[in-house]
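Hello,

The structure is handed over below, with notes on what was found in it. Please keep it open while you read.

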Amino acid sequence: MSETVIRTEDGTIAMVNVFEVEPEKQQELAEVMSEGAEKFIRHRPGCISVNILTSTDGKRLLYFAQWRSKADIKATMADPDVQVYRDKAAALAKPDPHAYTVFAVHHPDAEDAAQEG
């Protein structure tokens, strides 16, 4: 099993896209986004990971992708196969994409984690 690792100062770019979606369309949107990630996005140069999260109220989907550079994102978004999935998603929900860098990461101390267990 692979895991997404989030670090500060590693030079990666996080593409975060929050979709506002009608609850009855959230599952379909998640399937479209997951299919596009599986077929095309994860194979693109510079792609590190893609994570798709659905809100428990059914009204949002968060698409979190890590990339080596903004140029990799730009090249991927110019791919006609990727554009098909972008357009399918936009037909289902309102996207709000932005690029980010990681400012900080915090984890509980081992002692804190042991107390919870």
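**Helix 1 and glycine 36**

Glycine 36 sits in helix 1; helices (H or I, at least four residues) and strands (E, at least two) are DSSP runs, numbered from the N terminus. This is a predicted model, in which local features need pLDDT of at least 70 and side-chain atom pairs count only at pLDDT 80 or more, while totals for chains, interfaces and linings use all residues. Residues are numbered from 1 along each chain as its sequence is written, and side-chain values use heavy atoms, with hydrogens and water left out.

Glycine 36 counts as buried, at 5% relative accessibility. Buried means under 20% relative accessible area, exposed over 50%, and partly exposed in between (1.4 Å probe, protein chains only). Apart from its neighbours within four places in sequence, glycine 36 is in contact with Ile41 and Tyr85, where contact means heavy atoms within 4.5 Å. Alanine 14 is 22 residues from glycine 36 in sequence, and their C-alpha atoms are 18 Å apart.

The other buried residues of helix 1 include Gln26, Leu29, Ala30, Val32, Met33 and Ala37. Seen down the helix axis, the buried residues fall within an arc of 160°, so they line one face of helix 1; the arc is that of the directions from the helix axis to the C-beta atoms. They pack against strand 1, strand 2 (47-54), strand 3, helix 3 and strand 4 (93-94). The 14 residues of helix 1 should span 20 Å at 1.5 Å a residue, and the end C-alpha atoms are 20 Å apart, which agrees. The expected span is 1.5 Å times one less than the number of residues.

**Helix 3**

**The largest pocket**

The largest pocket has a volume of about 400 Å³. A pocket is an open set of points on a 1 Å grid over the protein atoms alone, where a 1.4 Å probe fits, with protein on both sides within 12 Å along at least five of seven lines; lining residues have an atom within 4 Å of a point. The volume is the space filled by probe spheres set on the points, which are joined across faces, edges and corners.

Of the 21 lining residues, Asn17, Met33, Tyr63, Met77 and Arg86 are the closest to the centre of the pocket. At least two lining residues each come from strand 1 (13-21), helix 1 (26-39), strand 3 (60-67), helix 2 (70-77) and helix 3 (80-92). Helix 3 gives the largest share, 5 residues. By class, the lining has 16 nonpolar, 3 polar and 2 charged residues. Ala, Val, Leu, Ile, Met, Phe, Trp, Tyr, Cys and Pro count as nonpolar, Asp, Glu, Lys and Arg as charged, and the others, Gly among them, as polar.

Glutamate 9 has a positive phi of about 55° although it is not a glycine. It lies in the segment before strand 1.

The chain has 4 helices and 5 strands, in the order β-α-β-β-α-α-β-β-α along the sequence.

Regards
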